[in-house]
Amino acid sequence: MIAHAEQVECYFGYWPDFSDGSINRFSYEDGATIYLTIDYIDSDQNKAAQVEIRFTGTSSIELTEFRSQNIIDVLRISHGQPIKVELEASYGLNGHFHCCAVEVVSMREIPRK
């Protein structure tokens, strides 16, 4: 279960796989917390948002290819314990890890032109 996922689900109408989303912030803090801030656009709905997700109690971290630009192909978050997170990249940050909890820290609409 993703805490506060309803913020994202209410805005888009579903939980996205963040395909073609851009990771504009990645951080690894306190030896067990990963933050991802993703700019995601749903072109069909003409909606865009910046979503910050926190993964706590991380372990078995295998991430590679962090670059100045990081584009997601798909972000998978499993159910159950431990939670498995898979980050497949179109370009840049790629890999997987386990965590104890996932939380949407913030979600803000990005104005579309």
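Predicted model: local features only at pLDDT ≥ 70, side-chain atom pairs only at ≥ 80, totals over all residues.

**Stop 1: the largest pocket.** Select Met-1, Ile-2, Ala-5, Glu-9, Trp-15, Pro-16, Asp-17, Leu-75, Arg-76, Ile-77, Ser-78 and His-79, and you have the lining of the largest pocket on screen. How much space lies in there? About 160 Å³. Colour the lining by type and you'll get seven nonpolar residues, two polar ones and three charged ones. Now highlight strand β6, residues 71–77: this strand gives the largest share of the lining, with three residues.

**Stop 2: the aromatic rings.** You've already picked Trp-15 as part of the pocket lining. The structure holds seven aromatic pairs. Zoom in on one of them, Phe-12 and Tyr-14: their centres are 6.1 Å apart with 50° between the planes, a tilted pair. Are these two buried or exposed? Phe-12 counts as buried because its relative accessibility is 3%, while Tyr-14, at 28%, counts as partly exposed.

Next, pick Phe-18 and Tyr-40. Their ring planes sit at 70° and their centres are 5.4 Å apart, so this pair is edge-to-face; planes over 60 degrees apart get that name. The pair links distant parts of the chain: Phe-18 is in the loop between α1 (6–12) and β2 (22–29), and Tyr-40, 22 residues away, is in strand β3. Both residues are buried.

**Stop 3: charges over rings.** Lys-47 lies over the face of Tyr-11, 5.0 Å from the ring centre. For another example, jump to Tyr-91, where Arg-67 lies over the ring's face at 4.7 Å from the centre.

**Stop 4: Thr-33.** Return to strand β3, which covers residues 33–42, and click on Thr-33. Its relative accessibility is 11%, so Thr-33 counts as buried, the cut-off being under 20%. Which residues is Thr-33 in contact with, leaving aside neighbours within four places in sequence? Show Ser-27, Tyr-28, Arg-54, Phe-55, Thr-56 and Thr-58, and you have them.

Terms used. Residues numbered from 1 in each chain as written. Heavy atoms only, no water. Helix = DSSP H or I, 4+ residues; strand = E, 2+ residues; numbered from the N terminus. Buried < 20%, exposed > 50% of the residue type's maximum accessible area, 1.4 Å probe, protein only. Contact = heavy atoms within 4.5 Å. Phe/Tyr/Trp six-rings, centres within 6.5 Å; stacked < 30°, edge-to-face > 60°. Lys NZ or Arg CZ within 6 Å of the ring centre and 35° of its normal. 1 Å grid on protein atoms, 1.4 Å probe; cavity = no way out; pocket = protein on both sides within 12 Å on 5 of 7 lines; lining within 4 Å. Points joined across faces, edges and corners; volume = space filled by probe spheres on them. Nonpolar A, V, L, I, M, F, W, Y, C, P; charged D, E, K, R; others polar.
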